[in-house]
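Thanks for coming, everyone. I'll take you through the side chains of one protein chain. Please look at the sequence and the model first.

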Amino acid sequence: MSTLIELTGVDRETALRLYRQVVRLRRFEDKVYQLFLKGELPGTVHQYQGQEAVAVGVCDALGDDDWITSTHRPHGHAIAKGVSMRAAMAELYGKATGCCGGKGGSMHLGDPDVGMVPAIAIVAGGVSVVSGMGLAFKLQKSGQVAACFFGEGATNEGAFHEGLNFSAVQRLPIVYVCENNLYGASTAYHLTTLIPEVTERVKAYGIPAVSVDGMDVVAVRTAMQEARDHAASGQGPMLIEAKTYRFAGHSRGDARKYRGRDEEDIWKELDPITRMRDAILARDPADEAAIAQIDAEIETELDDAVEFARQSPLPDAALAFTDVYADPFPIPSVVGERS
């Protein structure tokens with residue numbers, strides 16, 4: 001991969017917006033890491049550092065009415081789709097003001113109000129769910145598109161193949177976004193798959209696919225614009241394989257002993273934040289002031305989100321039985337009353 005990001009056709013406003021978004025995602029994750037180590041956040045976290053260009057590039061090309069499904073690593077997807085830092089951070093704290101009322105936590109971030117169902121932690125689980133979303137959009141003739149994020153490890157799940165086959169036959173308005181970060185947990189993809197190019201594997205379903213530099217937010221955005229147009233025009237689904245890399249381990253307990261420091265250093269040279277900043281300044285060095293202002297504004301936004309989460313109330317215990325069924329029925333006080 002080249003370290004140069006091409007800004008041809010990208011105006012200054014768009015370039016600065018994309019830069020702002022990738023930095024917002026990175027700084028959010030960095031702060032979450034610090035808070036988790038301090039014991040302020042319950043549960044565990046699966047972090048997104050390094051992969052920010054994928055979430056930002058995809059979501060920037062989607063319309064407000066388009067939807068996404070996510071994975072066990074959803075923080076970046078959620079914020080890129082429009083979940084506020086306040087709502088995301090409060091959810092990680094398990095507070096009532098969180099985007100899922102404190103019930104979702106790290107692995108189930110989401111908000112239907114911004115077009116994101118709560119994240120699905122089951123590997124390839126989103127592929128099944130997005131099939132229903134895409135079918136609904138097709139039947140309603142709404143013009144909406146659904147984007148499905150998943151890792152390369154999901155391509156070895158049965159749900160992946162069933163879902164893609166169904167959506168291809170039905171010509172559903174879906175864009176599949178494979179975030180290929182080379183490892184399924186601690187196992188290298190090439191050790192589990194004889195055809196390691198996901199774009200090659202989906203040819204069996206007649207789905208067009210493109211491979212893109214997943215560390216280049218502009219390249220991802222361009223690919224997503226084309227894929228969305230394809231899906232929305234009635235031509236059926238399309239797949240984007242974004243070659244990317246997570247700088248953190250699989251989860252917070254992962255010491256990353258299965259991969260070498262030399263490999264990590266090579267990928268860190270492709271840091272999507274550094275590359276975007278360099279591209280903006282190469283075009284106009286005067287934008288250094290704008291970048292500094294963006295960085296400062298993000299720090300203020302992040303500090304506000306943490307304070308908001310800390311001060312927010314815990315959920316009312318009585319709400320534990322809500323959001324369980326689509327049409328809730330009264331919970332009997334005595335088990336025998338069920339008859």
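Let me start with a term. A salt bridge here is a side-chain nitrogen of Lys or Arg within 4 Å of a carboxyl oxygen of Asp or Glu. Lys 243 and Glu 197 meet that way, with 3.1 Å from N to O.

Some ground rules. This is a predicted model, in which local features need pLDDT of at least 70 and side-chain atom pairs count only at pLDDT 80 or more, while totals for chains, interfaces and linings use all residues. Residues are numbered from 1 along each chain as its sequence is written, and side-chain values use heavy atoms, with hydrogens and water left out.

Back to that pair. Lys 243 is in strand β7, and Glu 197 is in the loop between β5 (187–188) and α7 (198–201). That puts them 46 residues apart. Helices (H or I, at least four residues) and strands (E, at least two) are DSSP runs, numbered from the N terminus. Are these two side chains buried or exposed? Buried means under 20% relative accessible area, exposed means over 50%, and partly exposed is in between, with a 1.4 Å probe and protein chains only. Lys 243 has 18% relative accessibility, so it counts as buried.

How many salt bridges does a search of the whole structure find? The search finds 20. Here are two others. Arg 20 and Glu 297 meet at 2.8 Å, N to O. Arg 20 belongs to helix α1 and Glu 297 to helix α11 (residues 288–311), 277 residues apart. Arg 20 is partly exposed, at 28% relative accessibility. Glu 297 is partly exposed too, at 31%.

Next, Arg 221 and Asp 60 meet at 2.6 Å, N to O. Arg 221 lies in helix α8 (residues 217–235), and Asp 60 lies in helix α2 (residues 52–61), 161 residues apart. Arg 221 is buried, at 15%. Asp 60 is partly exposed, at 23%. There is also a network of salt bridges that links Arg 256, Arg 259, Arg 261 and Glu 264.

Now the aromatics. A pair of rings is described by the distance of the centres and the angle of the planes. Rings of Phe, Tyr and Trp (its six-membered ring) pair if their centres lie within 6.5 Å; planes under 30 degrees apart count as stacked, over 60 as edge-to-face and the rest as tilted. The whole structure holds three aromatic pairs. One of them joins Tyr 183 and Tyr 258, with 5.3 Å between centres and 55 degrees between planes, a tilted pair. Tyr 183 is in strand β4 (residues 183–184), while Tyr 258 is in the loop between β7 (238–243) and α9 (261–268), 75 residues apart. Tyr 183 is buried, at 9% relative accessibility. Tyr 258 is partly exposed, at 24%.

Why is the pair of Tyr 245 and Trp 267 called stacked? Their ring centres are 5.1 Å apart and their planes are at 5 degrees, so the pair is stacked. Tyr 245 is in the loop between β7 and α9, and Trp 267 is in helix α9, so the pair ties together parts that are 22 residues apart in sequence. Tyr 245 counts as buried, at 1%. Trp 267 counts as buried, at 13%.

On to the core. In soluble globular proteins, nonpolar side chains tend to be buried together. A nonpolar core is a set of buried Ala, Val, Leu, Ile, Met, Phe, Trp, Tyr and Cys residues joined through side-chain atoms within 4.5 Å. The largest core has 71 residues, and Phe 28, Val 58, Met 89 and Met 276 touch the most other members. Which helix gives the most to this core? Helix α1 (residues 12–37) does, with 11 residues. A second, separate core has 21 residues, among them Val 130 and Tyr 176.

Take Val 58 as an example. Contact means heavy atoms within 4.5 Å. Leaving aside neighbours within four places in sequence, Val 58 is in contact with residues including Ala 147, Phe 149 and Met 224.

Thr 155 is another one to find. Thr 155 is in the loop between β2 (146–151) and α6 (158–170). Thr 155 is buried, at 0% relative accessibility. Beyond four places in sequence, its contacts include Phe 160, His 161, Tyr 189 and Arg 201.

Last, the backbone. Most residues other than glycine have a negative phi. Leu 182 has a positive phi, near 80 degrees. Leu 182 sits in the loop between β3 (174–180) and β4, and is partly exposed, at 29%. Asp 323 has a positive phi of about 65 degrees. Asp 323 is in the segment after α11, and is exposed, at 65%.
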